[in-house]
Amino acid sequence: RTQAEMAHTCRGTINLSTAHIDTEDSCNIVLSNGGRTYHLKANSEVERQRWVTALELAKAKAIRMRNNQSDDSGDEEPASQSDKSELHGTLKTLSSKLEDLSTCNDLIAKHGAALQRSLSELENLKLPAESGEKIKAVNERATLFRITSNAMINACRDFLDLAEAHSRKWQRALQYEREQRIRLEETIEQLAKQHNSLERACRGAPGLSSSSTGITSTAKGSVQSAKGEASDEDEETEYFDAMEDAPAFITVTADPKHHRRSGSNLSGASEGHPEDWNLEDSVFESSNQSSYNESTCKDLLPKKRRRTRIPDKPNYSLNLWSIMKNCIGKELSKIPMPVNFNEPLSMLQRLTEDLEYHELLDKAVKCESSTEQMCFVAAFSVSSYSTTVHRTAKPFNPLLGETYELDRLEEFGFRSLCEQVSHHPPAAAHHVYSKRGWTLWQEITIASKFRGKYLSIMPLGTIHLEFHSSGNHYVWRKVTSTVHNIIVGKLWIDQSGEIEIVNHKSKDKCQLKFTPYSYFSRDVPRKVTGVVSDADGKAHYVMSGTWDEKMECSKIVQSSHGSTSTEGKQKTVYQTLSPKVLWKKYPLPENAENMYFFSDLALTLNEPEERVAPTDSRLRPDQRLMESGRWDEANVEKQRLEEKQRAVRRRREAEAVEALEEGKDYEGYIPLWFERKVDAVTGELICVYKGGYWEAKEKQDWSTCPDIF
């Protein structure tokens, strides 16, 4: 069948060479590639395994075929079996005609040579009798030559007719594919317009206004999804139906006066007395909304005067589709991107930006109760996403060995160091020490996939936080970030998934759920909810808020089992005291929309500083040129740095091969300021700070630093 016929009779095709083959359960198979996802179901587990094996073999063959091709058609999908048969038949016919032409050519050469000999003999004749015979031979040769020439001309005509017929057919097929592409682009554009219209209509409808009713969780205090991160791999559809996620517990605000008088009714309260919740000098009281007024913000300003603005972002036009259409399904870190898609900060600086609300950890140090401390840690984990609400640009991928320091020891009591410890996959190690009583460290690997209509950014790695005096050791992971409307429409970012924070000393837990945005939900957009419970599973606090604005904490004074939901889950009703604001986002600086929506801290991250390491991100030339508005020069410099890094990688690969041939061990790249160790708490292999950086800075001894810029 032709491609046009296949479009009406076949559901579609998928490129196996770049496809992901996965299994959901004992019978289901998931094939995904770019914007396509197929769910296949086998009759039994044995049959499923046979299909998986066959698909893997076909995928390996498709990869070999793609690698063996020398033209640029490697991204095209393989043709169907009917198209292959038709093409094979056409090529066979053309080859046969070509052989006929070759045979005719040989005959012409043979008879032409004979004719030439006959003519030569005719010229040398002396006897008239012999001349008659020779002339007769010449006539015979000429006749054969004429017949052969006619046969060759006819063969050429047949070849030309056949080529023209198939050329018209191929032209029609090409025209069909072009029309399909144009139709698809028009459909995407129409969907984007409908998308924006629906969004405006939903925002303007009075019946869809948010109403604070309750928080969702399970009866066991867990809000973890049964599918985990499976939704991140669903490239075809996004299921954000609010009706499927009905609240499994409800919070009711209690009368604080009644509970102050009746302390015996406070079942489920934390270790402290219920009256402490309303004391003016409590840690929670110091974190309420009034602490975020103007005077407090002024007190938090650094002692050293730092810059408050950067050059405005230039207005460069760029055809996004022309660049991104060839990137579907590929790892984003392996795609060469112009700086037009970037912001003038590296991934190491974005990682350091998580410390913008470090004062939450300073307050957590003062908490006597581990569950109260957990509330501040939970608020801190949410606050790291507040700067991303408008930040849809991509940070610079750090070069291998690149570092970034943020020394705020005298101003805010902490100093931070990041290092890019791996390039493929990209991984960054981070260590923060605070003289106010806490240490934070993490190793984050960013996995990103372009799905056609949206971009998924999945941070992989564990964040560790330890308080010096109590020894409480908290561990959690980040959620998935999604950038929508990549092709058409206005870019917007969302956070979705679950965070489980565990105190490995006291076994306290906090389950936080980031609700994905839905047009049909009456919940507040960017909603975050959760419950803090102790080692016995008893709930002590309810967390609520949004990841782009604020987080509140409500103390649970009583809990009871409510009605059973339609899904068979029993609802729990938590009676709480009035909520306290633990964290509230700082307002953006003036003219932030023209400065990449940077916060006050982000504006200072790339500010030039003296005495930093030669590998510091502040010294990266392409990033500095972009910040200055010289984007064309920045693109040239970015290509130079990337090519320099590729040359270093090729040299390491050659050294590894040479070491392997000689039977020696090759360690590869070794981080300069970090070393890999097995974490005693989680058992994971993680890069931890081994010391020496701040001592080297004090001595200004950077002799061990590589030349990466």
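Reader: Which residues do ring pairs link into a cluster?

Author: In this predicted model, the cluster joined by ring pairs consists of Trp673, Tyr693, Trp694 and Trp702.

Reader: How do you know whether tryptophan 673 and tyrosine 693 are buried or exposed?

Author: Buried means under 20% relative accessible area. Tryptophan 673 has 6%, so it is buried. Tyrosine 693 has 0%, so it is buried too.

Reader: What lies over the face of tryptophan 694, in the cluster?

Author: That is arginine 415, at 4.3 Å from the ring centre. The distance limit for a charge over a ring is 6 Å, and 4.3 Å falls within it. In another place, lysine 478 lies over the face of tyrosine 385, at 5.3 Å from the ring centre.

Reader: How many aromatic pairs does a search of the whole structure find?

Author: The search finds 11. One of them joins tyrosine 357 and tryptophan 583: the ring centres are 5.5 Å apart and the planes stand at 80°, so this pair is edge-to-face.

Reader: Where do tyrosine 357 and tryptophan 583 lie, and what does their pair tie together?

Author: Tyrosine 357 is in the loop between helix 8 (347-352) and helix 9 (359-365), and tryptophan 583 is in strand 21 (residues 580-584), so the pair ties together parts that are 226 residues apart in sequence. Both residues are buried.

Reader: Why is asparagine 28 called buried?

Author: Its relative accessible area is 17%, and the cut-off is under 20%, so asparagine 28 counts as buried. Asparagine 28 is located in strand 2 (residues 28-33). Beyond its neighbours within four places in sequence, asparagine 28 is in contact with Asp22, Thr23, Leu40, Lys41 and Arg48.

Reader: What is found at residues 174-201?

Author: An unreviewed UniProt entry places the feature "coiled-coil region" there. In the model, residues 174-201 are 100% helix and 0% strand, with the end C-alpha atoms 41 Å apart.

Terms used:
Residues numbered from 1 in each chain as written. Predicted model: local features only at pLDDT ≥ 70, side-chain atom pairs only at ≥ 80, totals over all residues. Heavy atoms only, no water. UniProt positions renumbered as here; feature names shortened; annotations may be inferred. Helix = DSSP H or I, 4+ residues; strand = E, 2+ residues; numbered from the N terminus. Buried < 20%, exposed > 50% of the residue type's maximum accessible area, 1.4 Å probe, protein only. Contact = heavy atoms within 4.5 Å. Phe/Tyr/Trp six-rings, centres within 6.5 Å; stacked < 30°, edge-to-face > 60°. Lys NZ or Arg CZ within 6 Å of the ring centre and 35° of its normal.
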